[in-house]
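Hello,

Here is the structure I promised to pass on. Please open it first, then read the notes below.

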Amino acid sequence: MDPGFEAALRQFVIDRSSALFRTAYLLTGDRHAAEDLVQSALAKTAARWRGLRDTEAIEGYVRRTMYHEQVSWWRRRSRIVEVSTDGRLDRAGDGHADAADLRMTMRAALSRLTPRQRTMLVLRYFEDMSETEIARLLGVRVGSVRSQIYRSLERLKKSAPELSTVREFR
């Protein structure tokens, strides 16, 4: 491999990899898939590097390659969401695995709620809005907000009982 070619490619990767990763993350929505997408696009770009002269054209080529790779992946893969049917995940030990299990359990439990219930929970607990603010924003009564939040929390407890043992969700 030509040393000048290798040095130019290395410098491009150093300079632009974080921006390319951000774009890939926006395309994929997943950190690991974004890393794979950037690597794949850079590998295809490296194969065509000598034919690309302008540095702006090179970045455009990489971004276009990432886009086409992601579209091809979407077309190959069906968009079926898999949800655990028993509602529980095996829990073993502390650490990152537990946090991932908890996120997966929470995501599955939230997917079983109605869009209105999810909206109310997000506004109340993630956006930290008061019940009055939520009622005004959604154009409903405060009592409706309270009852929807109560029903949502009860439904979450039934669909994922292990969430009720987590301090943040009690």
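**What turned up**

A search of the whole structure finds one aromatic pair. Rings of Phe, Tyr and Trp (its six-membered ring) pair if their centres lie within 6.5 Å; planes under 30 degrees apart count as stacked, over 60 as edge-to-face and the rest as tilted.

Some ground rules. This is a predicted model, in which local features need pLDDT of at least 70, side-chain atom pairs count only at pLDDT 80 or more, and totals for chains, interfaces and linings use all residues. Residues are numbered from 1 along each chain as its sequence is written, and side-chain values use heavy atoms, with hydrogens and water left out.

**Overall picture**

The protein has seven helices and zero strands. Its pattern along the sequence is α-α-α-α-α-α-α. Helices (H or I, at least four residues) and strands (E, at least two) are DSSP runs, numbered from the N terminus.

Of the 170 residues, 28% are buried. Buried means under 20% relative accessible area, exposed over 50%, and partly exposed in between (1.4 Å probe, protein chains only). The protein exposes about 12100 Å², and carbon and sulfur atoms supply 52% of that area. Areas come from the Shrake-Rupley method with a 1.4 Å probe; for residues, only the protein chains shown count as cover.

Now the contacts, meaning heavy atoms within 4.5 Å. Among those with a separation of 6 or more, 56% join residues 24 or more positions apart.

**Helix H7**

H7 covers residues 142-159. Its 18 residues should span 26 Å at 1.5 Å a residue, and its end C-alpha atoms are 26 Å apart, which agrees. The expected span is 1.5 Å times one less than the number of residues.

Which residues of H7 are buried? They are Val 145, Gln 148, Ile 149, Ser 152, Leu 156 and Ser 159. They cover an arc of only 105° around the axis, which puts them on the same side of H7. The arc is that of the directions from the helix axis to the C-beta atoms. Tyr 150 and Lys 158 are exposed on the other side of H7.

An α-helix has 3.6 residues a turn, so residues three or four places apart point the same way.

Ser 152 has a relative accessible area of 0%. Beyond its neighbours within four places in sequence, Ser 152 is in contact with Leu 113, Gln 117 and Leu 121. Gln 148 is buried too, at 16% relative accessibility. Not counting residues up to four places away in sequence, Gln 148 touches Arg 116, Gln 117 and Met 120.

**Helix H5**

H5 runs over residues 115-126. Its 12 residues should span 16 Å, and the end C-alpha atoms are 15 Å apart, which agrees. Gln 117, Met 120, Leu 121 and Leu 123 are its buried residues. Seen down the axis of H5, they fall within an arc of 165°, so they line one face of the helix. Pro 115 and Phe 126 are exposed on the other side of H5. Asp 128 follows H5, with a positive phi near 55°.

The charged end of Arg 124 sits over the ring of Tyr 125, 5.7 Å from its centre. That label needs NZ of Lys or CZ of Arg within 6 Å of the ring centre and within 35 degrees of the ring normal.

**One last residue**

Ser 111 lies in helix H4 (residues 96-111). At 42% relative accessibility, Ser 111 is partly exposed.

Best wishes
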